[in-house]
Amino acid sequence: MSQLSNMLVLHITTTTLLSLGLMKRPSMGPKQQSLKAFTPDNYSDDEDDKFFHEDSDEPGKGWTNGQIPPQFTPTMTLHPYTRSGRLALYNHHRRWINFQSSWSRIGEGSTEMDAVHSKSASGTSVMTGCLIEEGKTVRALVAQLCECFYKAGWATGTGGGVSIRVGGPSENRPYRVFVAPSGVQKEDMVGDDVFELDMDRQVVAPPKTPNLRQSACTPLWYVVYKHVKSAMCVIHTHSMHAQLATLLDPTEKSSVLRVTHLEMLKGVGNHSYDSILEIPIIDNRPSEDLLADQLEEALRKYPKCNAVLVRRHGVYVWGDSWEQAKAQCESFDYLFESAVKMKGMGLESGVVPVSGTYHVNDMDIVEEEKKEDSESSPPAKKQKVAPAFNASGAVNNDADLICVGTAIPLVPRDSKILLLDIEGTTTSISFVKDVLFPYVLNNLDVYLKDLAYNEMIDYNKALAKDVQALDPNHPARKQVESYSSEERVVSVYVKALMAHDVKATGLKSFQGKMWKAGYASGELVGHLYSDFIPMLKWCKDNNVKVCIYSSGSIAAQKLLFGHTSEGDITSYFSGHFDTTSGSKRESASYATIAKSLGVETKDVIFVSDLEAEIHAANEAGMKAVVAARPGNATLSSDTKGTFPVVRSLLQLCGAD
């Protein structure tokens with residue numbers, strides 16, 4: 001018989017004897033502990049205690065290093081995947097490590113029907129009064145939270161962290177403050193890595209893991225604990241949504257981000273769906289401890305907000321429990337993402353919608369709200385502050401969007417040429433007023449020092465001509481004439497004309513030269529509304545010509561669009577026009593532009609935020625559309641209801 005046949009007979013014989021119970025299986029190693037089958041009926045609360053490995057003073061010793069206890073057999077590890085196992089797990093075993101039996105966002109004195117919730121509610125303590133057990137639990141919870149935030153993308157690259165405090169006067173004992181370490185992979189943190197401190201920031205119990213340092217956020221967590229007495233947990237994340245939300249203001253000077261009329265406002269505490277939430281923004285510093293003074297000031301100025309944004313960095317969020325802090329952190333992140341994505345749609349997160357939401361029009365209710373104490377938080381029926389980010393003035397132009405019987409013209413259906421203003425239409429008014437104009441005034445003397453003599457003479461003549469063209473009683477002219485003829489140098493003309501917002505050719509040319517230097521150095525970067533690039537791409541794909549008509553010189557226009565945050569976009573434009581084609585307030589100027597484009601005025605759609613320009617273009621025969629960007633000047637009754645109004649330029653894009 002062959003060797004293969006002998007092996008086959010042996011295998012069949014052994015299998016038969018085993019199945020009949022006449023032969024025992026050979027030992028394959030140490031005998032494993034037999035486990036009773038798990039069922040919902042026999043699974044007690046302390047069942048898990050049988051399977052925990054023993055504590056060790058040696059840091060890092062545990063399953064992560066392969067030390068899996070013999071109790072963890074395949075039966076045990078497969079337990080959650082069985083029906084009875086899932087019943088046991090989801091019926092009475094919470095996924096989060098905790099020291100209390102339950103939690104609810106709706107706290108004492110509130111009901112599920114209330115619009116605003118400020119306090120959370122916790123169940124009974126599951127601790128036995130042992131401080132050692134409490135410490136172990138909180139340390140493990142800090143590690144679990146850090147892992148959760150890593151998975152959410154909030155704590156990558158060892159960034160971010162969590163602090164939890166327990167105890168305090170309400171429990172008639174000192175606070176115990178637990179803080180995450182610095183420079184540790186947050187997804188691999190363990191309780192042995194966590195510090196315990198007192199309220200003086202003295203180390204009570206160092207981590208078992210050697211060579212660790214406290215989180216760089218620690219000084220800021222203590223600022224929150226000091227000024228927000230109810231805070232029991234502070235979370236710091238490097239959420240991408242939080243960071244981008246701080247950059248929605250192109251000037252990066254805004255001190256707040258405003259959000260309103262979003263359902264998740266209910267989840268951040270102290271606010272309802274129709275409240276206007278103001279989240280303070282502080283500037284970033286080289287190290288986090290240097291943020292303490294700014295954070296302290298923000299807490300004093302915005303006591304109703306449970307978060308502070310750090311520009312180009314992230315966010316700090318707190319709550320009266322770790323659960324509330326986590327829930328509010330998630331809600332804030334949702335709002336930040338909404339604000340960023342709304343901006344991409346041409347919408348502002350801080351603007352009260354004029355439709356699509358319920359509005360109370362009963363004047364008695366409005367009058368009653370006016371009488372309420374200023375510290376209360378009534379629903380925001382009307383916007384009394386500037387929207388999310390806009391012009392330097394706090395202008396509310398929301399009502400301008402309600403224009404009955406004014407159909408918006410579409411390209412290319414109604415026209416294949418778009419003529420656009422810049423300031424307040426493609427670019428924020430605040431960029432011009434708060435960035436470009438101050439740049440000229442702040443750098444004027446330095447720029448003039450480097451000018452050649454003949455250049456100085458040419459500018460002087462052009463600016464003097466601008467002044468002479470003004471009415472004799474114009475304040476800019478009077479300001480210049482208060483100087484002697486010998487004193488009337490370039491700086492005098494520039495400061496007088498800019499102080500009174502004169503739009504003149506000589507001044508614009510001079511400003512353009514200064515801005516060119518600023519763009520070349522990178523100090524200036526042109527701002528664009530987020531809907532502008534998508535609109536330009538849509539027009540290019542549909543053979544629609546886009547031209548610019550601005551009071552700024554053609555050179556200044558090309559500088560702005562050649563140095564934007566999106567790069568050089570000048571290739572999208574088919575033409576540029578400035579005041580050399582005539583004043584934007586004169587209808588003849590629009591006829592001149594149409595002629596240079598080789599079309600009739602009726603074939604052009606003109607968009608601007610200024611009423612005088614809208615009326616002049618309409619008089620010339622163009623299809624005039626008002627740009628009602630957040631913060632633009634409000635419309636008069638002569639304009640509102642007569643001309644179509646758009647919040648986003650994408651509203652002009654339609655079918656053939």
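Predicted model: local features only at pLDDT ≥ 70, side-chain atom pairs only at ≥ 80, totals over all residues.
Q324 is part of helix α8, which spans residues 322-344. Because its relative accessibility is 6%, under the 20% cut-off, Q324 counts as buried. Leaving aside residues up to four places away in sequence, Q324 touches W103, S118, K119, S120 and G319. The C-alpha atom of Q324 is also separated by 9.9 Å from that of I106, although these two residues are 218 residues apart along the chain.

The sheet is described next. Nine strands form an open sheet with mixed pairing, in the order β7-β6-β4-β3-β9-β13-β12-β11-β10. Its edge strands are β7 (203-205) and β10 (256-260), each of which pairs on one side only. From one strand to the next, the twist averages 25°. Strands of a sheet pair through backbone hydrogen bonds, in either a parallel or an antiparallel sense. Strand β11 (residues 276-282) and strand β12 (residues 307-310) are paired in the parallel sense over 2 bridges. In this region, I281 stands opposite L309 of β12.

| Helix | Strands involved | Angle to β3 |
|---|---|---|
| α4 (residues 131-151) | lies across β3 (161-168), β4 (173-179), β6 (195-197), β7 and β9 (233-237) | about 155° |
| α5 (residues 218-227) | touches β3, β4, β6, β9 and β13 (314-319) | about 40° |

How values were computed: Residues numbered from 1 in each chain as written. Heavy atoms only, no water. Helix = DSSP H or I, 4+ residues; strand = E, 2+ residues; numbered from the N terminus. Buried < 20%, exposed > 50% of the residue type's maximum accessible area, 1.4 Å probe, protein only. Contact = heavy atoms within 4.5 Å. Pairing = 2+ DSSP bridges. Axes fitted to C-alpha atoms, helices over the stretch in contact; angles between N-to-C directions.
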